[in-house]
Amino acid sequence: MDLRIMGFDSPLLNTLQHMMDLSDDTEKIPNAPSKVYMRDAKAMAATPADIKEYPKSYVFVVDMPGLKSGDIKVQVEDDNMLLISGERKREEEKEGAKYVRMERRVGKFMRKFALPENANVDAISAICQDGVLTVTVEKLPPPEPKKPKTIEVKIA
């Protein structure tokens, strides 16, 4: 629908019209992000996290209010990608009750973190307490410096 036909011709309305037209075109563009990708991107953006580095470990702290440990998954992908995911389900509505306002997020969430080279993926622990998930990734010990190899010189 063109707003100029109805007598509206301002730069703001033209910009809004252009934006609305673009949203229809994104489904036709072959290289446009998929709906699954967009859903995952929104899920990642909606899950804030803090990352701390200690001398012997990395600690990831993620707020997970109202979730049970069975609703949360912690995985390692490709030997260096920490994946924290889960789902917050909508509470069962009791008979006669209806939502007046619903502000708490429901649905899937996910965060991916690239682990440093010195992360020990075999020594990862996760604890969820008081709605806060704490994932601890131990560090590998630093490699020992190589000692120079002495080669004996023979006299011919």
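**Exercise 1.** Does K139 count as buried or exposed, and at what relative accessibility?

A word on the ground rules: this is a predicted model, where local features need pLDDT of at least 70 and side-chain atom pairs count only at pLDDT 80 or more, while totals for chains, interfaces and linings use all residues. Residues are numbered from 1 along each chain as its sequence is written, and side-chain values use heavy atoms, with hydrogens and water left out.

*Step 1.* Take the cut-offs: buried means under 20% relative accessible area, exposed over 50%, and partly exposed in between (1.4 Å probe, protein chains only).
*Step 2.* K139 has 16% relative accessibility, so K139 counts as buried.

**Exercise 2.** Find the salt bridge partner of K139 and say where the two residues sit.

*Step 1.* The criterion is a side-chain nitrogen of Lys or Arg within 4 Å of a carboxyl oxygen of Asp or Glu.
*Step 2.* K139 pairs with E53, and their closest N and O atoms are 2.6 Å apart.
*Step 3.* K139 belongs to strand β7 (residues 132-139) and E53 to strand β1, 86 residues apart, so the pair links distant parts of the chain. Strands here are DSSP runs (E, at least two residues), numbered from the N terminus.
*Step 4.* E53 is exposed, at a relative accessible area of 54%.

**Exercise 3.** Searching the whole structure turns up two salt bridges; work out what E77 and K112 tie together.

*Step 1.* The side chains of E77 and K112 meet at 3.8 Å, N to O.
*Step 2.* E77 lies in strand β3 and K112 in strand β5, so parts 35 residues apart in sequence get tied together.
*Step 3.* E77 is partly exposed at 29%, and K112 is partly exposed at 37%.

**Exercise 4.** Describe how β1 and β2 are arranged.

*Step 1.* β1 (residues 49-53) and β2 (residues 57-63) pair antiparallel over five bridges.
*Step 2.* They form a hairpin with three residues between them.
*Step 3.* I51 stands opposite F60 in β2.

Technical notes:
Pairing = 2+ DSSP bridges. Helix = DSSP H or I, 4+ residues; strand = E, 2+ residues; numbered from the N terminus.
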